[in-house]
Amino acid sequence: MAADFWASYQSKQLLSVEEVSRVAEEDLELGLTLQDTRLIKIAMTTYMRDLAQQAKLRQRVVATAVCYMRRMYVSKSLCEYDPRLVAPACLYLASKAEESVAQAKLLVFYAKKLKPGPENGAYQLEVKDLLDMELRVLEALDFRLVVYHPYRAAVQYLNDAKLTDVMQTTWSLLNDVYRTDLPLLHPPHVVALGCIHLAAFLKDRDAKPWLEDLKADMHAVRAVQMELLDHYEQYANIDPALTAAAMAKLPIRTRAART
């Protein structure tokens, strides 16, 4: 996996914290703050997880879809590309890329049922909208759809370190990684090591000697841990009113082609 990753387009597109924290000029003009954009992306991540659960899609599909969404918004604005349309389109596209294809009609049915954000009855999604936005997402991603994830590396590392007893905690942390920008900031194996180290600490296991023998970049590993801990501190219990207020700043798009 590591060798494949370093030869991939993804490895050449790792970003800085400053790059992923940039708020598009058009969004700033609508009054959206960095906090608002983070709340919206977290809400859309939760929405994609719920939608995937309804459509019986694997967690890997959700992880890929979240990466598509977050990478897209590095260069695109929330006001131009409505996240309530982008989220199901990313999930639909990811289901194809991960060979776990969801039917467009079924995805639209569940998307309407879940109703992301405060639409006041005005927001609708049809199959044509999903397909139109899928094409726009493809263009924004420059048709590069392969995404490497930290799950497989984490299993290999846990077995190597004889830390399989912290597997469940590590897996939970890895899933929460996708509520942050960490997949855009660090290689998958570094994210895996950061989650393992944190899981070992939470379970009172000492993983430091193993990490030192591994000659891991401890600065990067700690950066992953700190980002996760910061996320839990700030966003573990999000006030729904704050997310609703952020979503309310977005113009309602009833058709992808009109954005």
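Predicted model: local features only at pLDDT ≥ 70, side-chain atom pairs only at ≥ 80, totals over all residues.
Domain 1 is made of two stretches of the protein chain, residues 17-146 and 239-258, while domain 2 covers residues 151-235. At the contact between them, domain 1 contributes 16 residues and domain 2 contributes 13 residues. Taken over C-alpha atoms, the centres of domain 1 and domain 2 are 27 Å apart.

The area buried between domain 1 and domain 2 comes to about 1400 Å². Carbon and sulfur atoms account for 59% of that area. Polar contacts also link the two domains: 7 residue pairs are counted between domain 1 and domain 2, with both residues at pLDDT 80 or more. On the side of domain 1 that touches domain 2, at least two residues come from each of the helices α3 (17-20), α5 (34-54) and α6 (59-75). The residues of this side are 8 nonpolar, 4 polar and 4 charged.

A salt bridge joins the side chains of D181 and R70, with 3.0 Å from N to O.

The structure as a whole holds 10 salt bridges. One of them is formed by the side chains of D36 and K249, at 2.7 Å from N to O. D36 is in helix α5 and K249 is in the segment after α16 (240-248), so this pair ties together parts that lie 213 residues apart in sequence.

The UniProt record, an unreviewed entry, places the feature "domain: Cyclin-like" at residues 46-139 and 155-230. In the model, the span 155-230 is 75% helix and 0% strand. The C-alpha atoms at the ends of residues 155-230 are 25 Å apart.

Conventions. Residues numbered from 1 in each chain as written. Heavy atoms only, no water. Domains from an automatic or database assignment. Contact = heavy atoms within 4.5 Å. Buried area = accessible area lost by both parts, 1.4 Å probe. Salt bridge = Lys/Arg side-chain N within 4 Å of Asp/Glu carboxyl O. Polar contact = N/O pair within 3.5 Å; in protein donor to acceptor, adjacent residues only side chain to side chain. Helix = DSSP H or I, 4+ residues; strand = E, 2+ residues; numbered from the N terminus. Nonpolar A, V, L, I, M, F, W, Y, C, P; charged D, E, K, R; others polar. UniProt positions renumbered as here; feature names shortened; annotations may be inferred.
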